[in-house]
Amino acid sequence: MEFKIAGYRVAVNVPTWAALQARVTERLAQRQGFALATINLDHLVKLRTSAPFRAAYAAQDFVVADGNPIVWMSRLAGRPVELIPGSDAILPLARIAARLGVGVALVGSTPAALSRAKSFLEREVRDLSVVAMISPPMGFDPEGPEAEAVFDEITAAGAGLCFVALGAPKQEIFGAAGRRLAPGVGFAGIGAGLDFFAGTQARAPEWTRQMALEWLWRAASNPRRLGLRYLRCLAIVPGQTVRALLLRLFSKQA
C-alpha cells in the first residue's frame, strides 16, 4: 500500500504482523540494524510540510500501518494491510529480542517512566535484558551532537534493539540517523508506548480501540492539544480516499 501527499510517496512495505516479526527476527539474528516507522494520518500531515521528516521516512527500512484510516484506505485500494500500532508492537518485538539474546535500549520519555517501563518489560518478557535507558532533555536534536552521544551509549551498552519514544517526527529522524551512526541496532519508533507501560499516560480503553474510536477518546481527553491535530488529519481523508480508489482502478486496468 502506498500514499502520496504533496508529491511525496510513502509505502507500507510490511503489511502483516507475521511479516514484521519475520523481518525483525532476521535482522536481529544477523545483528543487523533497521529503522521502523508506523505511518498514520498525523504523519501524512507532517510529511506535507517537513523536508527532514520526508528524508527520515525515506531512510526507514520498515513501515507499518498505525491507524485504522490507513488500514481502511488500503482495503479500498485492494492492497490490504494489517493494523500494527507502535505501542502494540513493543512486546512482540521484545520477545524476539529476548529469544535471540539481544539487549534492548529505551530512549525517550522521563527517567522515572523508563525505569517503570523497564520493570514492566522484564516482568512480562522472560529473559529480556534492558541494557540502556536514556531520557534526552527538552529540545533534544535527534541529529545533533547530543544524539551522537546517545548512539554511542546505546552501542556501548550492547543493545541490538532500541525502542524510541520521542514522538513524531523526532523518533523517525532519530531512527534514520541511527542507521548511519549505529548500524547494528534496530530502531523502532513507538510513540507513547513506554509511558503506557509505566502508567504515566493512560491509553484509550479496549472497547474504543475495538470500535476504531481511540482517536475520538484521545481528542476528548485532551482537546486543546489534540483537537487541531485531528482536524488536520480529517482534512486529508477525502483526498487520500480518492487516491486509494484510483489505485484499485489502475490495478484492475493493469
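Select Asn 40 first, in the loop between strand 3 (34-39) and helix 2 (41-49); helices (H or I, at least four residues) and strands (E, at least two) are DSSP runs, numbered from the N terminus. The model is a predicted one, in which local features need pLDDT of at least 70 and side-chain atom pairs count only at pLDDT 80 or more, while totals for chains, interfaces and linings use all residues. Residues are numbered from 1 along each chain as its sequence is written, and side-chain values use heavy atoms, with hydrogens and water left out.

Asn 40 has 16% relative accessibility and therefore counts as buried (buried is under 20% relative accessible area, exposed over 50%, partly exposed in between, with a 1.4 Å probe and protein chains only). Leaving aside residues up to four places away in sequence, Asn 40 touches Asp 66 and Ile 70 (contact means heavy atoms within 4.5 Å).

Next, select helix 1 (17-29). Its 13 residues reach 18 Å from the first C-alpha to the last, close to the 18 Å expected at 1.5 Å a residue (the expected span is 1.5 Å times one less than the number of residues). Color Ala 19, Leu 20, Val 24 and Leu 28, which are buried. These residues lie on the same side of helix 1, because they cover an arc of only 150° around the axis (the arc is that of the directions from the helix axis to the C-beta atoms). Strand 3, strand 4, helix 5 and strand 7 are among the elements that cover them. After helix 1 comes Arg 31, with a positive phi near 55°.

Now go to the largest nonpolar core, which has 35 residues (a nonpolar core is a set of buried Ala, Val, Leu, Ile, Met, Phe, Trp, Tyr and Cys residues joined through side-chain atoms within 4.5 Å). Leu 93, Leu 106, Leu 128, Leu 161, Phe 163 and Leu 194 touch the most other members. Helix 5 gives the most to this core, with 8 residues. Center on Leu 106: among its contacts beyond four places in sequence are Leu 114, Leu 121, Val 130, Ile 134, Phe 163 and Leu 194. Apart from this core lies another, of 25 residues, among them Phe 3, Val 12, Ala 37 and Ile 39.

Move on to helix 7 (residues 145-157). Its buried residues are Ala 147, Val 150, Phe 151 and Ile 154. They cover an arc of only 100° around the axis, which puts them on the same side of helix 7. Show strand 5 (103-108), strand 6 (130-134), strand 7 (159-165), helix 8 (170-181) and strand 8 (186-189), against which these buried residues pack. Turn to the face away from the buried side to find the exposed residues Pro 145, Asp 152 and Ala 156. Just after helix 7, Gly 158 takes a positive phi of about 85°.

Finally, zoom out to the whole protein, with 12 helices and 8 strands. Its C-alpha trace spans about 50 × 40 × 35 Å along its principal axes. Of its 254 residues, 47% count as buried. Among contacts between residues at least 6 apart in sequence, 74% join residues at least 24 apart.
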